[in-house]
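The following exercises are meant to be worked through with the model open beside the text.

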Amino acid sequence: MDIDALRSFLAFVETGSFTRAAKQTFRTQSAISMQMKKLEQELDQTLFLREGRQLVLTHDGQTLASYARRLVSLHDEAVSSLRSQTNRQPLLLGCPDDYAETLLPHLITLLRQQLGPIQIQITCAASVRLRQLMDKGDIHAAMLTRHPGSDEGHFLMHDQGIWYTSPDFDLLARRPLPIALFQTDCKFHAAALDGLTKQEISFEMVTCSSSATAQRGIVRAGLAIGAMARSSLSPDLVELTDAWLPPLPNVEIALVLSPNAHSLLTTQDVRQICQSFESEITQSTHRKRPPLHFMKTAIKCE
């Protein structure tokens with residue numbers, strides 16, 4: 001049965017008049033009459049009975065009215081749901097693993113405040129890999145590490161590479177120095193190795209991992225010192241500030257939109273989110289534990 005015909009039929013049921021039904025459905029009276037004839041032909045039933053100058057529903061017409069209300073209601077519900085499906089699709093967001101525990105929750109909070117209760121699916125990978133996924137249209141946006149001063153995406157915050165350790169262990173006197181780093185595509189990887197080599201500090205690469213959780217676990221267990229962004233440091237670990245440790249580079253973090261961005265995530269939304277992000281992160285980082293300085297170890301190494 002044609003849904004528009006059922007809608008016209010219900011307009012007649014509610015008004016008792018083809019004339020008023022035509023006005024409500026923005027059709028001519030003759031068009032309404034034609035729809036009703038087609039319904040009767042399709043069902044092979046008489047739906048209307050003339051009583052004097054008025055048309056009333058037959059028993060079959062009354063039965064159809066009951067079904068028509070449910071059919072039209074279900075149709076409208078389906079159309080409404082499907083038309084809004086694009087806006088209710090999950091937001092596919094990329095994030096480097098080292099930001100997943102520290103920065104990502106702040107970003108998710110701001111996204112949901114700005115966009116409403118949208119579902120967010122997260123892919124953790126290195127910034128290089130996330131750029132590839134955005135180029136392929138596999139994710140809508142990503143939090144990325146970029147070169148300082150780059151115009152890529154929308155600026156979120158400055159960050160700094162640091163050495164860090166567990167406060168329960170002093171590993172700086174060990175030779176070779178045990179270190180845990182990210183994979184070679186991480187900016188801190190090359191800087192750490194080059195710096196140690198130039199200073200002729202012997203070192204042992206205990207682990208090389210793409211997982212910040214893995215690196216922090218190794219450091220937490222006292223197996224190595226690690227190198228990562230200051231913002232990625234968990235509260236139970238501490239920054240090392242010993243002057244002989246080679247400096248690690250500055251980086252910037254940006255929120256980058258894919259050309260295939262989610263329909264709800266507009267440039268204006270991203271700007272609003274990025275404006276709120278840095279102040280919240282600044283307040284959060286002020287609550288972290290102060291850097292750790294092993295003075296006795298630094299003296300030995302000078």
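**Exercise 1.** Determine at what angle helix 1 and helix 3 pack and how far apart their axes are.

*Solution.* Helix 1 and helix 3 (residues 29–43) pack at an angle of about 110 degrees, their axes being 9 Å apart; the axes are lines fitted to C-alpha atoms, for helices over the stretch in contact, and angles run from 0 to 180 degrees between N-to-C directions. Helix 1 is therefore roughly perpendicular to helix 3, a class that covers 65 to 115 degrees, whereas angles under 35 degrees count as roughly parallel, over 145 as roughly antiparallel and the rest as oblique. The crossing of the two helices is left-handed, that is, the near helix is turned anticlockwise from the far one by less than a right angle. Helices here are DSSP runs of H or I with at least four residues, and strands are runs of E with at least two, numbered from the N terminus.

This is a predicted model, in which local features need pLDDT of at least 70 and side-chain atom pairs count only at pLDDT 80 or more, while totals for chains, interfaces and linings use all residues. Residues are numbered from 1 along each chain as its sequence is written, and side-chain values use heavy atoms, with hydrogens and water left out.

**Exercise 2.** Identify which residues of helix 1 and helix 3 meet, and examine whether Gln-35 is buried or exposed.

*Solution.* From helix 1, Asp-4, Ala-5, Leu-6, Ser-8 and Phe-9 meet Ile-32, Gln-35, Met-36 and Leu-39 of helix 3, where contact means heavy atoms within 4.5 Å. Gln-35 counts as buried at 14% relative accessibility (buried is under 20% relative accessible area, exposed over 50%, partly exposed in between, with a 1.4 Å probe and protein chains only). Leaving aside residues up to four places away in sequence, Gln-35 touches Asp-2, Asp-4, Ala-5, Ser-8 and Arg-27.

**Exercise 3.** Find which residues form one aromatic cluster, and trace the pairs made by Phe-48 with Phe-12 and Phe-18.

*Solution.* The cluster is formed by Phe-9, Phe-12, Phe-18 and Phe-48. Rings of Phe, Tyr and Trp (its six-membered ring) pair if their centres lie within 6.5 Å, with planes under 30 degrees apart counting as stacked, over 60 as edge-to-face and the rest as tilted; by this rule there are four aromatic pairs. Phe-12 and Phe-48 pair edge-to-face, at 5.1 Å centre to centre and 85 degrees between the planes, and this pair links helix 1 (residues 3–15) with strand 1 (residues 48–51) across 36 residues. Phe-12 is buried at 4% relative accessibility, and Phe-48 is buried at 11%. Phe-18 and Phe-48 are also edge-to-face, at 5.6 Å and 80 degrees.
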